[in-house]
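User: I would like to learn how to read a few local features in a structure, one at a time. Could you give me the general idea for each and then the case at hand?

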Amino acid sequence: MPGRATRPLSSAPVAATEARKRVLIVGGGFAGLAAARELADVRGVEVVLFDRRNHHLFQPLLYQVAMAGLSPAEIAAPIRGLLRGAKNVEVRQEEAIGVDLEGRRLRTRTRQGEHEHAYDTLLLACGAGHAYFGHDEWEEHAPGLKTLAQATEIRRRVLSAYERAEIETDPARQRALLTFVVVGGGPTGVELAGALGEMSRFTLARDFRNIDPALARVILIEAGPRILPSFPEKLARRATRDLESLGVQVWTASPVTDVDASGVQVGRERIEAATTLWAAGVEAAPLGRLLGAETDRLGRVRVGPDLTLPGHPEVFVLGDQAHSLDAEGRPLPGLAPVAMQQGRFAARAIRRELRGAVERETFFYRDRGQMATIGRSRAICDTGRLAFGGFAAWAFWLLVHIYFLVGFKNRLFVVIQWAWAYLAYGRGARLIVSRDWRRGGELPD
């Protein structure tokens, strides 16, 4: 049964004569968290942040969890803890399922049922998931990498493949168990493939007796003519050479036509592989399509220059959910810096309205470049003015990611883990956790 609109925030008493703007934020990712922090303790505003999960996730390092380099708690933090000091911000673990634009009400769902929440301003920043191009059945055999649950499942599949290969007596089956396919040659796919190659050749090579993990076959498949299409071609070629030095086979111009439990079909060629990982495309959260607004082919809502829904200036759409254009008219990429800048921009627009501003400003993205890491001491960096790779790019990548990690404890643990991994080629989170908690068994499936 639908519930009533939520009560005023008990943590921020309101005088009966004081009008307060009620701001709802959907999504505790980079955009939503940046907006909530910008609005923290702003007089005249009450904020409610909704998210299906109770934690904020630093997605750029998610592949490190999937490849057993970091533990989940080192790249995630409870949203309530991050906003603890904001007296005018309330956090609710609820899933947004619809918006009544005319009535200005957000519909959410919990285990107790459905609820409605009135708003004056709504910020939608629900993020995105992986797209399987009309083949959603492939997801069971080729998980993507957007959540902690997916990262720990990938870790389980990868480590279990080595354990099963150790006791496998059939040579053909053993080869399939030691074959790993990564579909998608963007930054996520490159980072996954590089980490797989590095882990096989340096970390696991000393731990097994009946197999040689260094002989594991890692294949990175890209449908386009080259990997990393958003980077300069010179850096993409360097990344290809770095991947090949780690034993990764790079297949370009090779669209995948089928995925099943035992491998991947690429045109007429069949790859027998026990583990397939998906990094080939993204699709915006479905809530955007439910608004009835115009969307692009990725499901992103086409927003105006001020990041609002056309015809509804009280609704901002941010981050991976928004189709926003840069100064040259090109869609902005789904990167953390884009989401963070958009979140702060929307919050500042709300603050300007509280001060009596009538006209909205135009959002301009300050592009500070992009980076991708390939492995130990290997990375590429494109700042717009400079394009470089190697150890300097890797060190710069390391510093930037540590800087943006939330919480001092997270940064300290990550520095310690990376320092140990660099010096000892170690990976400290190599835990296989069974999906079936009822059995309590840890044998691989």
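**Burial, charge and backbone**

Analyst: Let us begin with burial, where the relative accessible area is compared with a cut-off: H312 has a relative accessible area of 14% and is therefore buried, since buried means under 20%. Please keep in mind throughout that this is a predicted model.

User: Where is H312 found, and with which residues is H312 in contact once its neighbours within four places in sequence are left aside?

Analyst: H312 is found in strand β21, which covers residues 312–317, and, leaving aside neighbours within four places in sequence, H312 is in contact with L101 and E102.

User: How should I read a buried charge, and which side chain of opposite charge is nearest to R155?

Analyst: The idea is to look for a partner, and a salt bridge requires a side-chain nitrogen of Lys or Arg within 4 Å of a carboxyl oxygen of Asp or Glu. R155 is buried but has no salt bridge, and the nearest side chain of opposite charge, that of E74, is 8.7 Å away. R155 is found in helix α4, residues 148–167, and, apart from neighbours within four places in sequence, R155 is in contact with V65, A66, A68, P72, A429, L431 and V433.

User: Which values of phi do F133 and L228 have, and is each of these residues buried or exposed?

Analyst: F133, a residue other than glycine, has a positive phi near 55°, and F133 lies in the loop between β10 (128–130) and α4. L228 is likewise not a glycine and has a positive phi of about 50°; L228 lies in the loop between β12 (217–221) and α7 (233–245). As for accessibility, F133 counts as exposed because its relative accessibility is 54%, the cut-off for exposed being over 50%, whereas L228, at 0%, counts as buried.

User: How many disulfides are counted, and how accessible are C126 and C381?

Analyst: For disulfides one looks for pairs of cysteine sulfur atoms within 2.5 Å, and by this rule the count comes to zero. C126 has a relative accessible area of 28% and is therefore partly exposed, while C381, at 1% relative accessibility, counts as buried.

Terms used. Residues numbered from 1 in each chain as written. Predicted model: local features only at pLDDT ≥ 70, side-chain atom pairs only at ≥ 80, totals over all residues. Heavy atoms only, no water. Helix = DSSP H or I, 4+ residues; strand = E, 2+ residues; numbered from the N terminus. Buried < 20%, exposed > 50% of the residue type's maximum accessible area, 1.4 Å probe, protein only. Lys, Arg positive; Asp, Glu negative; His and termini not counted. Contact = heavy atoms within 4.5 Å.
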